[in-house]
Amino acid sequence: MGFISLFLLSLNVTDAVLAQSLSVFLWATLVLYGGASLWWLIQVFILSYGWQDTNQTEVGLDNIQVRVLTIAAEETVQRTVSSIPDEITEPLIIAEEDIDIAGADVHVVPNDFECAAQRKGRAIEWARQQIPCEKEYVLYLDEDTLLSGFSGLPAADIIQLSEHPLRTRSRLTYVCEIFRIGFQFEQRAFHQVAYPAYAWGGAVAVRHELEEQITWNVPSITEDTTFIWRAADRVNLDYRLATVKARNQAPPTLKSLIKQRRRWVSGTIQDRNLLPRRYQPVIFTRIVTWALSPVIPLFGIIAFVFPEAIPSSSVYLLLSALLFGIVFLYMILGLVEYRKYPEVWWAYIVVTPLAVLVHSLGALWGIIQPVDDFEVTQKTAAIDTGTLEERNPELTEDESEYDTELETEPDEN
């Protein structure tokens, strides 16, 4: 009997330890997620105040050299070159293979060129070393970046053009991009912090003098963010977000989108040592909460079903519901940025949890199994299921104020 009593007591102790551990884990996760969400709210609604005060055309078009990065996507690049204002003479194409582009000079990166940078960073570094630049600024564009209403830049060290992904094959990846652009409202506050959290290399302008000082010659799969972090470490960085929209392409499939998110997280993890110690917890928290977003409502359900296992379970349930509600705010802000007609918001809001899940899968994959290389995302030149104009009427309707309905073509994922 003594042995049985001891065994039952050990079970009770084990259950108590497990319950306490579960409670600590759930509350720690909620606090972590809550901290990241609070910082995002502060950036969007407080620190972003006055982000448009800078003259967006202080730097004229005649003082900007445009460089378009590609492997060999001729049709896609030609579309991008055609969107560049005529006042920018002789845009440069930096390619891995020789292609024929009307209205631009093509420069091919030699196969035997060696440097520490890799992939896109290697091409940019070769261009920095080999191609003269007499302009004050270099504007880098991805092969699929279409400029809309571009008339100049604010005078800063680094100027990020506002990203505006277009739909390609998949309706769901397009919705995911709208969700992400809503989250990226925080970029409006990046001029207030010493180290911007990330950069988008698809449309970023760099003061040429700064580029020569920092270079791109480091190994990284997120060369854009790495550059901005290294620049912030060397100089008192002046960062600006430009109002002009750069229309790039949403990934054509869910698989490509998840891989893209995995690369972003992997690169951030690998390069986080470039940040001062005070910034590393912020980046770490962002990554973890990105991966854990879908489980916040799940944890709330656990608190509801097993209230005795979690101290202050009613408070936990309320907080988890409020925090998960912020993801719907991301989507709403994305819809505002895309100027979607309010009467169709419900259709996007309904699929928001699915968009959150897709984002988190890529982030979680990047945490569990980081990648040190990546596949180039397929662009529309290789897609025969429709054209950009058919799926994005605003390209041919002179920036119509609203998109009044979701696309009716079937999702091809």
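How many bridges join strand 1 to strand 4, and do the two strands run parallel or antiparallel? In this predicted model, strand 1 and strand 4 run parallel and are joined by 6 bridges.

## Overall composition

The protein chain contains 13 helices and 8 strands, and 53% of its 413 residues count as buried. Among the contacts that join residues at least 6 apart in sequence, 79% connect residues at least 24 apart. The chain exposes about 19100 Å², of which carbon and sulfur atoms supply 58%.

## Strand 4 and its partners

Strand 4 has a partner in strand 1, with which it runs parallel, and another in strand 7 (residues 203–207), with which it pairs in the antiparallel sense over 5 bridges.

## Helix 2 and its two sides

The buried residues of helix 2 (residues 74–83) are Thr 76, Val 77, Thr 80 and Val 81. Because these residues cover an arc of only 135° around the axis, they lie on the same side of helix 2. On the other side of the helix, Glu 75 and Ser 82 are exposed.

Which strands are included in what covers the buried residues of helix 2? The cover includes strand 1 (64–69), strand 2 (92–95), strand 4 (137–142) and strand 5 (146–148). Strand 1 and strand 4, which are both part of this cover, are also the two strands joined in parallel by 6 bridges.

## Salt bridges across the chain

The structure holds 14 salt bridges. One of them is formed by Arg 122 with Glu 96, whose closest N and O atoms are 3.7 Å apart. Arg 122 belongs to helix 3 (residues 119–130) and Glu 96 to the loop between strand 2 and strand 3 (105–108), so this pair ties together parts that are 26 residues apart in sequence. With a relative accessibility of 15%, Arg 122 counts as buried, whereas Glu 96, with a relative accessible area of 25%, is partly exposed.

A salt bridge also forms between Arg 286 and Glu 186, where the closest N and O atoms are 2.7 Å apart. This pair links distant parts of the chain, Arg 286 being in helix 8 (residues 280–292) and Glu 186 in the loop between helix 4 (171–183) and strand 7, 100 residues apart. Both Arg 286 and Glu 186 are buried. In a further salt bridge, the side chains of Glu 337 and Lys 245 meet at 3.7 Å, N to O; Glu 337 lies in helix 10 and Lys 245 in strand 8 (residues 239–247), distant parts of the chain that are 92 residues apart. Glu 337 is buried, with a relative accessible area of 13%, while Lys 245 counts as partly exposed at 22% relative accessibility. Apart from these pairs, Glu 163, Glu 177, Arg 180 and Arg 261 are linked in a network of salt bridges.

## Val 193 in its loop

Val 193 lies in the loop between helix 4 and strand 7, which is also the loop that holds Glu 186. Is Val 193 buried or exposed? At 16% relative accessibility, Val 193 counts as buried. Leaving aside its neighbours within four places in sequence, Val 193 is in contact with Trp 39 and Tyr 279. The C-alpha atoms of Val 193 and Leu 237 are separated by 9.4 Å, although the two residues are 44 residues apart along the chain.

Val 315, Leu 318, Leu 319 and Leu 322 make a nonpolar surface patch of about 360 Å². Leu 318 has its place in helix 10 (residues 313–337), the helix that also contains Glu 337. With a relative accessible area of 53%, Leu 318 is exposed.

Notes
Residues numbered from 1 in each chain as written. Predicted model: local features only at pLDDT ≥ 70, side-chain atom pairs only at ≥ 80, totals over all residues. Heavy atoms only, no water. Buried < 20%, exposed > 50% of the residue type's maximum accessible area, 1.4 Å probe, protein only. Helix = DSSP H or I, 4+ residues; strand = E, 2+ residues; numbered from the N terminus. Arc of directions from axis to C-beta. Contact = heavy atoms within 4.5 Å. Patch = residues over 30% accessible without salt bridge, like charges linked within 9 Å, V, L, I, M, F, W, Y side chains within 5 Å. Areas by Shrake-Rupley, 256 points an atom, 1.4 Å probe, with all protein chains shown as cover. Salt bridge = Lys/Arg side-chain N within 4 Å of Asp/Glu carboxyl O. Pairing = 2+ DSSP bridges.
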